[in-house]
Amino acid sequence: MTGMLKPLRRPRFWLGLWWFAVISVIVVCLIPPPPLPDLPKNSDKVEHFLAYFLLAGSAVQIYRTRAALWWAGIGLVLMGVGVEFAQGALTDNRSADPADAVANTLGVIAGMAIRFTPLRDLLISLKG
């Protein structure tokens, strides 16, 4: 496992933190939503995009190999689609929205694109 992780100071800590974030996103998407004032229509798409962008961008900081990043990216896309199905099938206070799944997927793509920038090793440069 450690061969697929970047040479971070505490790689297992960062990996555990990333998995905690993944599970947190799933939980937040399936629990009853908090009462919010009326927001502009479709403004939640920005939240979906940002959540999955951060998850994917964090994976780029942790995983070293191309294969590990592919699996993380595919897993996050499947998670985003699966959460939407789960919202429609398992909750009474949420609904499945294909546009949310698209926003999730675009967030994953944008987050994974960090791999092609100097920011790909930000956590290493911060001595993480």
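Reader: How many residues does α4 have, and how far does α4 reach from its first C-alpha to its last?

Author: In this predicted model, α4 has 15 residues and reaches 21 Å from its first C-alpha to its last, which is close to the 21 Å expected at 1.5 Å a residue.

Reader: Which residues of α4 are buried?

Author: The buried residues in α4 are Asp 100, Ala 101, Ala 103, Asn 104, Gly 107, Val 108, Gly 111 and Met 112. They cover an arc of only 165 degrees around the axis, and therefore they sit on the same side of α4.

Reader: And what does the face of α4 turned away from that buried side carry?

Author: That face carries the exposed residues Pro 98 and Ile 109.

Reader: Stepping back, how many helices and strands are there in the protein chain?

Author: The protein chain has five helices and zero strands, and from the N terminus on its elements run α-α-α-α-α. Its C-alpha trace spans about 45 × 25 × 25 Å along the principal axes, and of the 128 residues in the chain, 33% are buried.

Reader: Let me change topic to pockets: what volume does the largest pocket have?

Author: The volume of the largest pocket is about 700 Å³. It is lined by 24 residues, and those closest to its centre are Pro 33, Asp 44, Glu 47, His 48 and Arg 94.

Reader: Which elements give two or more residues to that lining?

Author: Those elements are α1, covering residues 11–30, α2, covering 44–62, and α4, covering 98–112. The largest share of the lining, six residues, comes from α2.

Reader: How do the lining residues divide into nonpolar, polar and charged?

Author: The lining of the largest pocket has 11 nonpolar residues, seven polar ones and six charged ones.

Reader: Now the aromatics, please: how many aromatic pairs does the structure hold?

Author: The structure holds four aromatic pairs. One of them is formed by Trp 18 and Trp 19, with 5.1 Å centre to centre and 75 degrees between the planes, and this pair is edge-to-face.

Reader: Are Trp 18 and Trp 19 buried, exposed or partly exposed?

Author: Trp 18 is buried, because its relative accessible area of 6% is under the 20% cut-off. Trp 19 has a relative accessible area of 43% and is partly exposed, since that category lies between the 20% cut-off and the 50% one.

Reader: Why does the pair of Trp 18 and Tyr 63 count as edge-to-face?

Author: The ring centres of Trp 18 and Tyr 63 are 5.6 Å apart and the planes stand at 90 degrees, so the pair is edge-to-face; the cut-off for that label is over 60 degrees. Trp 18 lies in helix α1 and Tyr 63 in the loop between α2 and α3, so the pair ties together parts that are 45 residues apart in sequence. Both Trp 18 and Tyr 63 are buried.

Reader: So which residues do the ring pairs link into a cluster?

Author: The cluster consists of Trp 18, Trp 19 and Tyr 63, linked by ring pairs.

Definitions and conventions:
Residues are numbered from 1 along each chain as its sequence is written. This is a predicted model: local features need pLDDT of at least 70, side-chain atom pairs count only at pLDDT 80 or more; totals for chains, interfaces and linings use all residues. Side-chain values use heavy atoms; hydrogens and water are left out. On a 1 Å grid over the protein atoms alone, a cavity is a set of points where a 1.4 Å probe fits but cannot get out, and a pocket is an open set with protein on both sides within 12 Å along at least five of seven lines; lining residues have an atom within 4 Å of a point. Grid points are joined across faces, edges and corners, and a volume is the space filled by probe spheres set on the points. Helices (H or I, at least four residues) and strands (E, at least two) are DSSP runs, numbered from the N terminus. Ala, Val, Leu, Ile, Met, Phe, Trp, Tyr, Cys and Pro count as nonpolar, Asp, Glu, Lys and Arg as charged, and the others, Gly among them, as polar. Rings of Phe, Tyr and Trp (its six-membered ring) pair if their centres lie within 6.5 Å; planes under 30 degrees apart count as stacked, over 60 as edge-to-face and the rest as tilted. Buried means under 20% relative accessible area, exposed over 50%, partly exposed in between (1.4 Å probe, protein chains only). The expected span of a helix is 1.5 Å times one less than its number of residues. The arc is that of the directions from the helix axis to the C-beta atoms.
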